[in-house]
Amino acid sequence: FIMLSLRFKRLLVVIKQTAYEEYSQLKLRGQAPKALRWKRLESRYESHKTCVTNLLSILRHHNVDFACINRVELDRQHLS
């Protein structure tokens, strides 16, 4: 693995909310669709979490300065 010299001060990691998380919130309010494939959604959610965790570990290992934000909270202020 070769680290190239990248020209950035800080990396912004934007983390999406998965369908499993969205539907889980709806389920708590009794508004989730009945015919959901919960096991499949949960499996994809777990894969996503693992991927994000691995990415953050790699960034920390390489001493990359970064911040994380959820996609729904992303605003222009985070891009400056």
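Q: Is E46 buried, partly exposed or exposed?
A: This is a predicted model, in which local features need pLDDT of at least 70 and side-chain atom pairs count only at pLDDT 80 or more, while totals for chains, interfaces and linings use all residues. Residues are numbered from 1 along each chain as its sequence is written, and side-chain values use heavy atoms, with hydrogens and water left out. Buried means under 20% relative accessible area, exposed means over 50%, and partly exposed lies in between (Shrake-Rupley method, 1.4 Å probe, only the protein chains shown counting as cover). The relative accessibility of E46 is 36%, so E46 is partly exposed.

Q: In which element is E46 found?
A: Helices (H or I, at least four residues) and strands (E, at least two) are DSSP runs, numbered from the N terminus. By this scheme, E46 belongs to helix α2.

Q: Which residue forms a salt bridge with E46?
A: Side chains of opposite charge can pair when their charged atoms come close. A salt bridge here is a side-chain nitrogen of Lys or Arg within 4 Å of a carboxyl oxygen of Asp or Glu. The closest N and O atoms of the pair are 3.8 Å apart, and the partner of E46 is K49.

Q: How far apart in space are K49 and T18, C-alpha to C-alpha?
A: Along the sequence, K49 and T18 are 31 residues apart. In space, their C-alpha atoms are separated by 9.5 Å.

Q: Which side chain meets R10 in a salt bridge?
A: The structure holds 2 salt bridges. In the one formed by R10, the N to O distance is 3.4 Å. R10 counts as exposed at 52% relative accessibility. Its partner is D65.

Q: How many residues apart in sequence are the parts that R10 and D65 tie together?
A: R10 lies in the segment before β1, whereas D65 lies in the loop between α2 and β2. D65 is partly exposed, at 43% relative accessible area. The pair therefore ties together parts whose separation in sequence is 55 residues.

Q: In what order do the elements of the protein chain run from the N terminus?
A: The secondary structure comes to 2 helices and 2 strands. From the N terminus on, the order is β-α-α-β.

Q: Which residues gather with K16 in a patch of positive charge on the surface?
A: A patch is made of residues with over 30% relative accessible area and no salt bridge, with like charges joined within 9 Å and nonpolar side chains (Val, Leu, Ile, Met, Phe, Trp, Tyr) within 5 Å. Lys and Arg count as positive and Asp and Glu as negative, with His and the chain ends not counted; the place of a charge is NZ of Lys, CZ of Arg, CG of Asp or CD of Glu. K16 is in the loop between β1 (11-15) and α1, and is partly exposed at 39% relative accessibility. The residues that gather with K16 are R37, R40, R44 and R71.

Q: What is the relative accessible area of R44?
A: R44 lies in helix α2, which covers residues 38-61. R44 counts as exposed because its relative accessible area is 54%.

Q: How many residues apart in sequence are the parts that Y20 and W38 tie together?
A: Rings of Phe, Tyr and Trp (its six-membered ring) pair if their centres lie within 6.5 Å; planes under 30 degrees apart count as stacked, over 60 as edge-to-face and the rest as tilted. By this rule there are 2 aromatic pairs. Y20 and W38 form an edge-to-face pair, with 6.0 Å centre to centre and 80 degrees between the planes. Y20 lies in helix α1 (residues 19-28) and W38 in helix α2, so the parts tied together have a sequence separation of 18 residues.

Q: Which residue joins Y20 and W38 in a cluster linked by ring pairs?
A: W38 is partly exposed, with a relative accessible area of 23%. Ring pairs link Y20 and W38 into a cluster with Y45.

Q: What value is phi of N63 near?
A: Most residues other than glycine have a negative phi. N63 is in the loop between α2 and β2 (66-70), and is exposed at 71% relative accessibility. Phi of N63 is positive, near 55 degrees.
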